[in-house]
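Thanks for passing this one along. Here are my notes, in the order I would read them with the model open.

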Amino acid sequence: MAEENWVLTVTAQTPTNIAVIKYWGKRDENLILPINDSISVTLDPDHLCTTTSVAVSPAFTHDRMWLNGKEVSLSGGRYQNCLRELRSRASDLEDETKGIKITKKDWEKLHFHVVSFNNFPTAAGLASSAAGLACLVFSLAKLMNVKDDHSKLSAIARQGSGSACRSLYGGFVKWIMGKEEDGSDSIAVQLADEKHWEDLVIIIAVVSSRQKETSSTSGMRDTVETSALIEHRAKEVVPKRIIKMEEAIKNRDFPTFTRLACADSNQFHAVCLDTLPPIFYMNDTSHRIISCVEKWNRFEGTPQVAYTFDAGPNAVLISHNRKAATLLLQRLLFFFPPNSDADLNSYVIGDKTILQDAGIQNMSDIEALPPPPETKDNTSTQKFRGDVSYFICTKPGRGPVVVTDGTRSLINPETGLPK
């Protein structure tokens, strides 16, 4: 390796994912080994993703990372576990155009700069750590010429953030809890790609983009130590649900998918309430959204929408087709209209064509929405203006990709620092 001040970079984009059968609780805190299997759907990275640029240079004196414009420490055990695993798997690399040769042994001495950006709120219950750690592992693996497949990489990403292992694939993904003590069989596998069930449309109600009071890490630890329900959930309930959910995804059976996803979300939050001290991730707005969906599903006689909530108040609402998503958006905007000074363009983001399908072009169209038919008899049509920060319209999406357009790199190729 020539002692020059060259900088080599790779940029990648990785999606976030939302679990429909939840992961909650570890049997090994250090290796991040879960107490049950989980299943997730990967969200379209055009709307929710992490972009990460990584750089290596002999001029770098230590590993550094910038997240959303701020420098953060890479000294934490989880980051270090990932870096150690990747360095041990690195291969020789030659870049003839730049005249750079890096041997496997060189990687142990070289340092990295990592610049990462989420296009959605960090630590607000939208699995930002999953996308972030998956992107860190995926981009560094590409930079270091790691030959492992995505399944092996998922075992490394898992050591950074459990849910990150599921972000290494698109579509529907299962994280197998595994049985080995070293975690070698605790990996993610793809159940079906993003084209398998293309009818699904997802609307996320961002109730709060604030950082949550109880982190997932400490919440899980408290639950495993104090909840009487968690063992029953992990041993008796989840294994049966996993089998049924795999079948529902394979057969595109939306009623079964909905029943399982909603029940599992509710049980996850029940386990949080059963923790000492109790953990409250959902709030009144979350509960009102559940009520709105449940009433509509019952009124129609067949499920139109599934709901699921991770460790936060934000609702992820999965509609069985575009028409149902359009009707859902009308209901959400009726009950949760924006504040009068809001901008429609920033209140509904992502795939805005659903807004057009719903016949909404401006704020006055929202005010003109009629009450949904299921509210006509006896229920209140009270509105909760401003209780939802914004909505994201999206769909199931692909796994991580390398971004080949150099202009989209977040790192200055001359200095190795953030642009």
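1. A word on the basis first. This is a predicted model, in which local features need pLDDT of at least 70 and side-chain atom pairs count only at pLDDT 80 or more, while totals for chains, interfaces and linings use all residues. Residues are numbered from 1 along each chain as its sequence is written, and side-chain values use heavy atoms, with hydrogens and water left out.

2. Start with helix 5, residues 230-250; helices (H or I, at least four residues) and strands (E, at least two) are DSSP runs numbered from the N terminus. Its 21 residues reach 28 Å from first to last C-alpha, close to the 30 Å expected at 1.5 Å a residue (the expected span being 1.5 Å times one less than the number of residues).

3. Helix 5 has a kink of about 40° at Val237, shortly before Pro239; the bend is the angle between axes fitted to the seven residues ending at a residue and the seven starting there. Just after the helix, Arg252 has a positive phi of about 50°.

4. Val237 is also among the buried residues of helix 5, as are Arg233 and Arg241 (buried is under 20% relative accessible area, exposed over 50%, partly exposed in between, with a 1.4 Å probe and protein chains only). The partners against which the buried residues pack include strand 12 (172-175), helix 4 (216-226) and helix 6 (254-273), where contact means heavy atoms within 4.5 Å.

5. Now the open sheet: 5 strands in the order 15-16-14-18-17, with mixed pairing (two strands pair if DSSP finds at least two bridges between them). Strand 15 (305-308) and strand 17 (348-350) are at the edges with a single partner strand each, so one side of each has no neighbour in the sheet. Neighbouring strands are turned by 25° against each other on average, direction ignored.

6. What covers strand 15? Strand 15 pairs with strand 16 in the antiparallel sense over 4 bridges, Ala306 has Ile318 as its bridge partner, and a hairpin through 6 residues joins the two strands.

Note on methods: Axes fitted to C-alpha atoms, helices over the stretch in contact; angles between N-to-C directions.
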